Amino acid sequence: MSSQTPARRTGRSVETARIASGVKLLVALVGVMWLSEIVDTALHGRLDQYGIIARDPQGLVGIITAPFLHLGFGHLISNTLPLVTLGLIIAVSGARRLFAVTAMVVVIGGFGTWLISPPNTITIGASGLVFGYAAYLITRGLFNRRLGQVLIGIVVVVVWGSALLGGLLPQDGISWQGHLFGGIAGILAAWVLADDKPKRSPVR
């Protein structure tokens, strides 16, 4: 009996460390968003110019910076709440998984937004990342074929489904393009990062 105790403790400590690493990364991401908005407010909104400028080569930098910029604290708060909630579920799988999902959503979703947004527009905000997280959680259970993850996806649909669908409708001042491509990127992340993808047999 006693010989099994260290192994169990080690397993628990590894799991705890994994979760802690994911939570720390999420806190860092959200912290950068809030720090950026504080600085932007002090600079009277000058940082907003570093968002995604549609089809402008100089606007490509916004693919990386746009999720951390917001149009005031009201905009930031509305994105922070779902981002933290959905992000914590992903963070349970560790910092590597959270970073991989975040990077794919930011890059793929941001590039799609840059590609099809109306000309002379600047897109900022983490809502595309929120859509990406939600789409990842909704679909990952299907790719992994895990009942628990499927149930989590159903909960996400029940809680945020109407808001997600509403965010895809064209509205003045809201980037449905960012929401759409964020969601697409989240699905791609769920597929690419699937645990149970079939392995190819070596050919002689």
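**Group meeting: helices and aromatic pairs in a predicted model**

Let me start with helix α5, which is mostly covered, since 15 of its 18 residues are buried, where buried means under 20% relative accessible area, exposed means over 50% and partly exposed lies in between, with a 1.4 Å probe and protein chains only. What we are looking at is a predicted model, in which local features need pLDDT of at least 70 and side-chain atom pairs count only at pLDDT 80 or more, while totals for chains, interfaces and linings use all residues. Residues are numbered from 1 along each chain as its sequence is written, and side-chain values use heavy atoms, with hydrogens and water left out. Helices (H or I, at least four residues) and strands (E, at least two) are DSSP runs, numbered from the N terminus.

Staying with α5, this helix covers residues 127–144 and reaches 26 Å from its first C-alpha to its last, close to the 26 Å expected at 1.5 Å a residue, the expected span being 1.5 Å times one less than the number of residues. The helix bends by about 30° at I138, a bend being the angle between axes fitted to the seven residues ending at a position and the seven starting there. Just after α5, R145 takes a positive phi of about 55°.

A134 counts as buried, at 1% relative accessibility, and its C-alpha atom is separated by 9.0 Å from that of P82, 52 residues apart along the chain.

The contact is made by P82, T85, L86 and I89 of α3 together with I152, V156 and W160 of α6.

Now to the aromatic rings, of which the structure holds two pairs. Rings of Phe, Tyr and Trp (its six-membered ring) pair if their centres lie within 6.5 Å, and planes under 30 degrees apart count as stacked, over 60 as edge-to-face and the rest as tilted. W34 and F73 form a tilted pair, 5.8 Å centre to centre with 35° between the planes, and this pair links distant parts of the chain, with W34 in helix α1 (residues 5–42) and F73 in helix α3 (residues 73–91), 39 residues apart. W34 is partly exposed at 29%, and F73 is partly exposed at 32%. The rings of F111 and W114 have centres 5.6 Å apart and planes at 25°, so this pair is stacked. Both sit in helix α4 (residues 95–116), three residues apart, and are separated by about one helical turn. Is F111 buried or partly exposed? At 40% relative accessibility F111 counts as partly exposed, whereas W114, at 13%, counts as buried.

Finally, N120, in the loop between α4 and β2 (122–123), has a positive phi of about 60° although it is not a glycine, and N120 is exposed at 76%.

Methods
Contact means heavy atoms within 4.5 Å.
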